[in-house]
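User: Can you walk me through this model? I have a few quick questions.
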Amino acid sequence: MKRAVILHGTDGSPEANWFPWLKEELKKLGYEVYVPNLPNNHTPNRHVYNDFLLKSGWDFSDNLVVGHSSGAVSILNMLSDKRFPKIDTGILVGSWARMDETDLDREQFKDLFPEPNFDFTAIKAKANKLIFVHSDDDPYCPIDQARYLCNELAGEFHEFKGMQHFGVKLNPRFTEFPELLEIIKRD
């Protein structure tokens with residue numbers, strides 16, 4: 001059976017945005033799907049998240065892993081951690097690489113990013129494919145940072161126009177995300 005994981009973003013939950021919809025759509029495609037409620041997600045912490053995910057009992061080997069916002073960054077943190085197995089595909093929706101050039105609270109995200117940077121060699125070795133999905137007008141995560149990550153990781157980039165941060169807070173249409181499902185089906 002195919003397996004998938006969906007990681008929500010900051011102040012999110014498995015019931016927010018397009019996550020429940022995508023979970024059901026993936027089930028229709030034959031996936032077993034895990035959508036955890038990430039702990040203390042107002043202040044995402046790469047160590048807390050990785051430990052939590054490893055203790056979940058879920059087998060991450062050869063999974064499709066979809067992450068939104070800080071959940072997208074969490075995919076990179078998972079792949080940097082030697083304790084995680086290799087995944088099939090990571091899809092990073094609304095990702096960013098560092099706190100500079102953003103208006104986000106540095107204190108809130110201080111434990112999300114590794115210092116001095118991601119280990120791109122390790123990340124590339126732990127995923128068969130990385131796909132970046134970003135909007136040209138994301139008010140939180142600069143598109144240039146997503147392009148930088150994509151370039152460093154030899155990923156595939158999908159740019160959308162006018163979709164902001166792919167969440168209902170800014171765009172009520174994001175209870176569903178059919179464009180993302182089409183990317184998954186093509187892969």
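Predicted model: local features only at pLDDT ≥ 70, side-chain atom pairs only at ≥ 80, totals over all residues.

User: Helices now. At what angle do α2 and α3 cross?
Analyst: At roughly 70°. Helix α2 spans residues 46–54, helix α3 spans residues 70–80, and their axes come within 10 Å. The range from 65 to 115 degrees counts as roughly perpendicular, so α2 is roughly perpendicular to α3.

User: Which residues meet there?
Analyst: From α2, Arg46, Tyr49, Asn50 and Leu53. From α3, Ser74, Asn77 and Met78. By class, that contact has three nonpolar, three polar and one charged residues.

User: Switching to rings. How many aromatic pairs are there?
Analyst: The count comes to 14. One of them is Trp96 with Phe113.

User: Is that one stacked or edge-to-face?
Analyst: Edge-to-face, because the planes are at 75° and anything over 60 counts as such. The ring centres are 5.4 Å apart.

User: Where do the two residues sit?
Analyst: Both Trp96 and Phe113 lie in the loop between β4 (87–93) and α4 (120–125). They are 17 residues apart in sequence, so the pair ties those parts together.

User: Backbone, then. Which residues does a cis peptide bond join?
Analyst: Glu115 and Pro116, with omega at about 0°. Pro116 is also in the loop between β4 and α4. Most peptide bonds are trans.

User: What about phi at Asp62?
Analyst: Near 60°, a positive value in a residue other than glycine. Most residues of that kind have a negative phi. Asp62 is in the loop between α2 and β3 (64–68).

Methods: Residues numbered from 1 in each chain as written. Heavy atoms only, no water. Axes fitted to C-alpha atoms, helices over the stretch in contact; angles between N-to-C directions. Helix = DSSP H or I, 4+ residues; strand = E, 2+ residues; numbered from the N terminus. Parallel < 35°, antiparallel > 145°, perpendicular 65-115°, else oblique. Contact = heavy atoms within 4.5 Å. Nonpolar A, V, L, I, M, F, W, Y, C, P; charged D, E, K, R; others polar. Phe/Tyr/Trp six-rings, centres within 6.5 Å; stacked < 30°, edge-to-face > 60°.
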